[in-house]
Amino acid sequence: MIISKQKNLDEILEAIKDNNSFFLVGCSECASLCGTGDEAALEDMKKKLEEKGKKVTGYFVAKTGCQVLGTKVELKKFKNEVEGAEALIIMSCGAGVQAAVEIFKDKHVYTANDTLFLGNMTRFRVFDERCSLCGECIVNETGGICPVTNCPKGLLNGPCGGMNNGKCEVDREKDCVWVRIYNRLNDLKRLDLIEEIAEPKDYGKHTKPSALNSKKD
Amino acid sequence: MRKFKEALEAGEFLVTAECGPPKGTDLNEMLKHAKDLLGKVHALNATDNQSSVMRVSSLAICKLLLEMGHDPIFQLTCRDRNRLALQSDILGAHVLGIKNILCLTGDYVTAGDHKAAKPVFDIESSQLLQVVNTLNSGKDMAGNELHGATEMFPGATVTPEAKPIEPQLMKFRKKVKAGSRFFQTQAIYDIENFKNFMKEARKHNVKILAGILVLKSAGMATFLNNNVPGITVPQNLINELKAAGKEKALSTGLDIAARTIKAVRDLCDGVHIMAIGMEDKVPEIMKRAGL
């Protein structure tokens, strides 16, 4: 899922200072699991904004905030509340914010969150990054563990010289991913998979912004 | 004194040292140290934004070392350059007359003084070695013909004291396969461990220069352990430096370096003396080591 974190309130207030009334939009998917776009987060934001003298005309949790058409349909129920607001504050990921921009052509759209990474939830609201959406998955050669993401340098051919007692040069609390990959493939008796030099990645496969139409003809 | 590559091919015991480019444009001290080493070392490495701290470019320093009469080893990391910049700098090194290159991945940016920098790592050390050999063959990474090939002599690093060692040895073999002709190792302290590493290294047709990192005090050793990736000074040496007291710590550090050189002399093909900030002590270390 997409991991997001709420900005601090001062930063939000600074961004929205030119407007006085707002409609808040959350998201029931990732942002709810992160606690940044669920009903409780929206209510909390409403309370804080009102304490600062701002008006909140209403709020709702979109089913899937990044889904432009669905969100547009859902918002019809809130026509008056939306019209009564000068601007919107979106409490989801950056994709949800830009879905709102597409829907609300004549209103300011603000984000309350920073979007961090594609993450796994390991415990309740504890997340870590294991895939960085590089567009060219190599985990079939690396025991299912992604070095592009789990190594700060994204190394494809083994540990760097900074690995120390199996720990990462950059974060001594973290295991070196190349030691993990090596140990896993050693256990699986498939070290042959990493014997050859892996080629440089083709960054041409991930020219931003990416787009995909996977509809069958 | 033979040039580095010629001495290596002739099987001489190799001695290389390091030149840390300064932060800023005043090169007086660095050039003085380099001058003191003329005729004493086979080659002098110019480090590349060492420990991710921004300094004068290693390529520029290599050119100055060359003019002084040294045979420079151009250290090139993948941290700060994408594949275009790397290849362009290798071509640049060749046209300036620089022939040796040490291919490195590079420390992560957060080790240094520009922690907000974008880390590049478009490619990495083993791939960079392949790139050098590709350019030597007259082509670039994209397969385009070059008007004039390079003639670079590529080397790399290895960390014989890495724990666990197996993944590091796997990487070492990849670097050999990628065409590395010599290795300047990370700091060696544990001689028994180094003997074991050399058993693996001797299976390959590459030259190994043992890394000798000069310590000047217990405080420095502790700092290195905490701040410099890839270096672990063992506690017994820290104790030895501590016991020597303030006055004699430096001399003890030089002794440790000299005795390590003596211990590895018959095991490998040379030594690479890293005297971070104490380059002026290299001749004294060599004297004490009997080089």
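Angles under 35 degrees count as roughly parallel, over 145 as roughly antiparallel, 65 to 115 as roughly perpendicular, and the rest as oblique. The legends below describe close-up views of a predicted model.

**View 1. Helices H8 and H9 of chain B pack against each other.** H8(B) covers residues 218–227. The angle between H8(B) and H9(B) is about 135°, and their axes lie 8 Å apart. The two helices are therefore oblique to each other. H8(B) brings B:Ala218, B:Ala221 and B:Thr222 to the contact. H9(B) brings B:Leu237, B:Ile238, B:Leu241, B:Lys242 and B:Ala249. By class, this contact has 6 nonpolar, 1 polar and 1 charged residues.

**View 2. Strands of chain B close into a barrel.** The barrel has 8 strands, in the order E1-E2-E3-E4-E5-E6-E7-E8. Their pairing is parallel. On average, neighbouring strands of this sheet are turned by 25° against each other, direction ignored. Strands of a sheet pair through backbone hydrogen bonds, either parallel or antiparallel.

**View 3. Strand E3 of chain B runs parallel to strand E4 of chain B.** E3 spans residues 72–77, and E4 spans residues 100–104. The two are joined by 5 bridges. B:Leu76 has B:Cys103 as its bridge partner in E4(B).

**View 4. B:Phe183 sits in strand E6 of chain B.** This strand runs over residues 182–187. A residue is buried if 20 or more other C-beta atoms lie within 10 Å of its own. B:Phe183 has 26 within that distance, so B:Phe183 is buried. Leaving out residues up to four places away in sequence, B:Phe183 touches B:Gly155, B:Ala156, B:Thr157, B:Val158, B:Val206, B:Ile208 and B:Leu209. B:Gln235 is 52 residues from B:Phe183 in sequence, and 26 Å away in space, C-alpha to C-alpha.

**View 5. The largest nonpolar core holds 85 residues.** B:Phe74, B:Ile101, B:Ile212 and B:Val214 touch the most other members. Helix H9 (residues 235–264) of chain B gives the largest share of this core, 8 residues. Beyond its neighbours up to four places away in sequence, B:Val214 touches residues including B:Gly253, B:Leu254, B:Ala257, B:Ile273 and B:Ile285. In soluble globular proteins, nonpolar side chains tend to be buried together.

**View 6. Chain A meets chain B.** Chain A gives 23 residues to the contact, and chain B gives 29 residues. On the side of chain A that touches chain B, 13 residues are nonpolar, 8 polar and 2 charged.

Note on methods
Residues numbered from 1 in each chain as written. Chains lettered and ligands numbered in written order. Predicted model: local features only at pLDDT ≥ 70, side-chain atom pairs only at ≥ 80, totals over all residues. Contact = placed C-beta atoms within 7 Å. Nonpolar A, V, L, I, M, F, W, Y, C, P; charged D, E, K, R; others polar. Core = buried A, V, L, I, M, F, W, Y, C linked by C-beta atoms within 7 Å. Buried ≥ 20, exposed ≤ 12 C-beta atoms within 10 Å, placed from the backbone. Helix = DSSP H or I, 4+ residues; strand = E, 2+ residues; numbered from the N terminus. Pairing = 2+ DSSP bridges. Axes fitted to C-alpha atoms, helices over the stretch in contact; angles between N-to-C directions.
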